[in-house]
Amino acid sequence: ADEPLTSGESAACGGAAGMASVLVTHPIDTVKSLMQSLTASKYRGSALACAADVWQTDGAKGFYRGVAARMCRVPLENALQFALYEKFSRFF
């Protein structure tokens with residue numbers, strides 16, 4: 001039968017979705033942040049040049065610099081959002 005998810009199940013799904021989204025989007029976010037930084041001029045306005053520099057300087061791990069902070073925040077936000085959505089969508 002199609003029983004609604006409990007708040008805990010919804011939160012777990014949201015947390016897992018948040019972790020997946022951080023892992024997928026963090027490399028792009030890293031390049032974006034570097035392009036917006038004070039040292040962005042060395043990339044000559046090119047995101048590809050920025051990505052190449054990160055790769056040459058730090059390898060794959062360079063794209064995940066600072067991921068821990070996002071991994072603490074995003075899954076919690078998504079877990080809360082999923083749980084609250086499921087809880088309140090039953091009333092409307």
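Colleague: Where does His26 lie?

Modeller: His26 lies in helix α1. Keep in mind that this is a predicted model.

Colleague: Is His26 buried or exposed?

Modeller: Read the relative accessible area. Under 20% means buried. His26 has 4%, so His26 is buried.

Colleague: Which residues does His26 touch, leaving out those up to four places away in sequence?

Modeller: His26 touches Phe63, Tyr64, Arg65, Gly66, Val67 and Arg70.

Colleague: Now the helices. How do I read a packed pair?

Modeller: Two packed helices are described by two values: the angle between their axes and the distance between those axes. Here, take α1, residues 7–35, and α2, residues 47–58. The angle is about 110°, and the axes are 10 Å apart.

Colleague: What does that angle make of α1 and α2, roughly parallel or roughly perpendicular?

Modeller: Angles of 65 to 115 degrees count as roughly perpendicular. The two helices, α1 and α2, are therefore roughly perpendicular to each other.

Colleague: Which residues make the contact?

Modeller: From α1 come Val31, Leu34 and Met35. From α2 come Ala47, Cys50, Ala51 and Val54.

Colleague: How many residues of each class are in the contact of α1 with α2?

Modeller: Seven are nonpolar. None is polar, and none is charged.

Colleague: Cys50 is in that contact. Is Cys50 buried or exposed?

Modeller: Cys50 is buried, with a relative accessible area of 0%. Cys13 is partly exposed, at 41%.

Colleague: Next, aromatic rings. How many aromatic pairs are there?

Modeller: Ring centres must lie within 6.5 Å to pair. By this rule there are two aromatic pairs. One is Trp55 with Phe63, with ring centres 6.4 Å apart and planes at 35°.

Colleague: Why is the pair of Trp55 and Phe63 called tilted?

Modeller: Planes under 30 degrees apart count as stacked, and over 60 as edge-to-face. The rest are tilted. The planes of Trp55 and Phe63 are at 35°, so this pair is tilted. Trp55 is exposed, at 52% relative accessible area. Phe63, which His26 also touches, is buried at 14%.

Colleague: What about the rings of Phe88 and Phe91?

Modeller: Their centres are 6.3 Å apart. Their planes are at 55°, so this pair is tilted. Phe88 counts as partly exposed, at 45% relative accessibility. Phe91 counts as exposed, at 61%.

How values were computed:
Residues numbered from 1 in each chain as written. Predicted model: local features only at pLDDT ≥ 70, side-chain atom pairs only at ≥ 80, totals over all residues. Heavy atoms only, no water. Phe/Tyr/Trp six-rings, centres within 6.5 Å; stacked < 30°, edge-to-face > 60°. Buried < 20%, exposed > 50% of the residue type's maximum accessible area, 1.4 Å probe, protein only. Axes fitted to C-alpha atoms, helices over the stretch in contact; angles between N-to-C directions. Helix = DSSP H or I, 4+ residues; strand = E, 2+ residues; numbered from the N terminus. Parallel < 35°, antiparallel > 145°, perpendicular 65-115°, else oblique. Contact = heavy atoms within 4.5 Å. Nonpolar A, V, L, I, M, F, W, Y, C, P; charged D, E, K, R; others polar.
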